[in-house]
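Subject: Structure handover and notes

Dear colleague,

I am passing on the structure we spoke about, together with the notes I made while going through it. Please read them alongside the coordinates.

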Amino acid sequence: PQSKLPSLGTTIFTQMSALAQQHNAINLSQGFPDFDGPRYLQQRLAYHVSQGANQYAPMTGVAALREAIADKTAELYRHRPDATAEITITAGATEALYAAITALVRLGDEVICFDPSYDSYVPAVTLSGGVMKRLTLQPPAFRVDWQAFRQLLSPRTRLVILNTPHNPSATVWQQSDFAALWQAIADEEIYVLSDEVYEHICFTDDGHHSVLAHAQLRERAIAVSSFGKTYHMTGWKVGYCVAPAALSAEIRKVHQYLTFAVNTPAQLALADMLRAEPEHYRDLPAFYRTRRDSFVQALSRSRFEILPCEGTYFLLADYSAISDLDDVSFCCWLTEEVGVAAIPLSVFCADAFPHRLIRLCFAKQETTLLAAAERLCQI
Ligand code: PMP
Ligand code: GLN
């Protein structure tokens, strides 16, 4: 058949994880922990299964989970979304992103995103008939040039997609970025899709800034998060989006025919977890900071230059001192010959991205990180 996505292949995450397995390499490519999530959460899942919570959940999500999310949002971002009308539970953040883009983007609409950008945004926009306008951020700071952003705006601009803490650059948006975004779009009917799946993995002094904390922007915004990152269980695939009632209603029209509803016992278990152990997400920055710092320390003897990491569980490493290969070839070589799998950055960019940067996932046990660092120090 004629492809609707002719230039798209299999995701880099699937490719690199497969290559890592094939060569028995330490897999620091695809982002997932090699340790388990909280025992309590697992026990609650088993409990709810044993109690017969095994039929369809409500289309918008289990009420107890939506209520718990509303309370957490109020505590962290000083805004309590309406649990009935404004919060929708989805099959991971991926589904929330897809449903939001499908609900909002019409044929010919323009969508702005910031490169390097997470790989699920662009195909969703393309399938909706939208046109991407991609602004490339430059290392090492990856900050948005707001003048350049304004030049991308047009009467057809419909949506801006942002991600903070940012995968793959590991930078975070400051409050001034949200202020600049609002200034640029205040007078237009432009929506904002804010991917905040790493909201609890942020190392800056003032912490994560959510679009939900911005009184004007949140009237036009969809905030997306995922329990996979927060609870070390990426395989559960439960996420959610928060958006004003009118926007949520449109997103739900898509969600109800994309998945209809999400795994019932997992939602109940997550609601219990949010209520019983809020210290889990409060302690997460310290938990990951320890891993980040010991990995950076172990790599200090290597010839990689490590970039600052403000958030996410990814670290960027510049290999200019080691090789002239392009980043994709370097990642293949690193996996096959050195035994460490990483992700090249250029695959997240539309324009040429001639930097020698790779992304390493540090959501790993200390022993895994030290073993990987030992190999990386030998090249
Ligand atoms: N957005 C970003 C920036 C991500 O890194 C990820 C997970 N890798 C997702 C969305 C998707 O999250 P989920 O696994 O919950 O679908
Ligand atoms: N988000 C994860 C990453 O950035 C991967 C998710 C996936 O494999 N689709 O590595």
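In what follows, a residue is taken to be near a molecule if its C-beta atom, placed from the backbone, lies within 6 Å of it. On that basis, the residues around ligand 2 are T11, F13, Q30, G31 and N167, and when this shell is sorted by class it comes out as one nonpolar residue, four polar residues and no charged ones.

Please keep in mind that this is a predicted model. The chain has an average pLDDT of 98, with 100% of the residues scoring at least 70, and the model as a whole scores ipTM 0.98 and pTM 0.98.

As for annotation, the UniProt record, an unreviewed entry, places the feature "domain: Aminotransferase class I/classII large" at residues 25–376. In the model, that span is 39% helix and 16% strand, and its end C-alpha atoms lie 12 Å apart.

One helix that I looked at in some detail is α10, which covers residues 264–276 and reaches 19 Å from its first C-alpha to its last, close to the 18 Å expected for its 13 residues. Ten of those 13 residues are buried, so α10 is largely enclosed by the rest of the structure. The buried positions are P265, A266, Q267, L268, A269, L270, A271, D272, M273 and L274, and what covers them includes the helices α2 (39–50), α3 (63–77) and α8 (227–230) as well as the strand β2 (87–90).

The peptide bond from D115 to P116 is cis, with omega near 0 degrees, and P116 sits in the loop between β3 (110–115) and α5 (121–127). A cis peptide bond also joins P139 to P140, with omega near 5 degrees, and P140 belongs to the loop between β4 (131–136) and α6 (146–152).

That loop between β4 and α6 also holds F142, which has a positive phi of about 55 degrees although it is not a glycine. N24, likewise not a glycine, has a positive phi of about 55 degrees, and is found in the loop between α1 (12–22) and β1 (26–27).

Are these two residues, F142 and N24, buried or exposed? F142 is buried, because 20 other C-beta atoms lie within 10 Å and the cut-off is 20 or more, whereas N24 counts as exposed because it has 9 C-beta neighbours inside 10 Å, where the limit is 12 or fewer.

With best regards

How values were computed
Residues numbered from 1 in each chain as written. Chains lettered and ligands numbered in written order. Predicted model: local features only at pLDDT ≥ 70, side-chain atom pairs only at ≥ 80, totals over all residues. Nonpolar A, V, L, I, M, F, W, Y, C, P; charged D, E, K, R; others polar. pLDDT = per-residue confidence, 0-100. UniProt positions renumbered as here; feature names shortened; annotations may be inferred. Helix = DSSP H or I, 4+ residues; strand = E, 2+ residues; numbered from the N terminus. Expected span 1.5 Å × (residues − 1). Contact = placed C-beta atoms within 7 Å.
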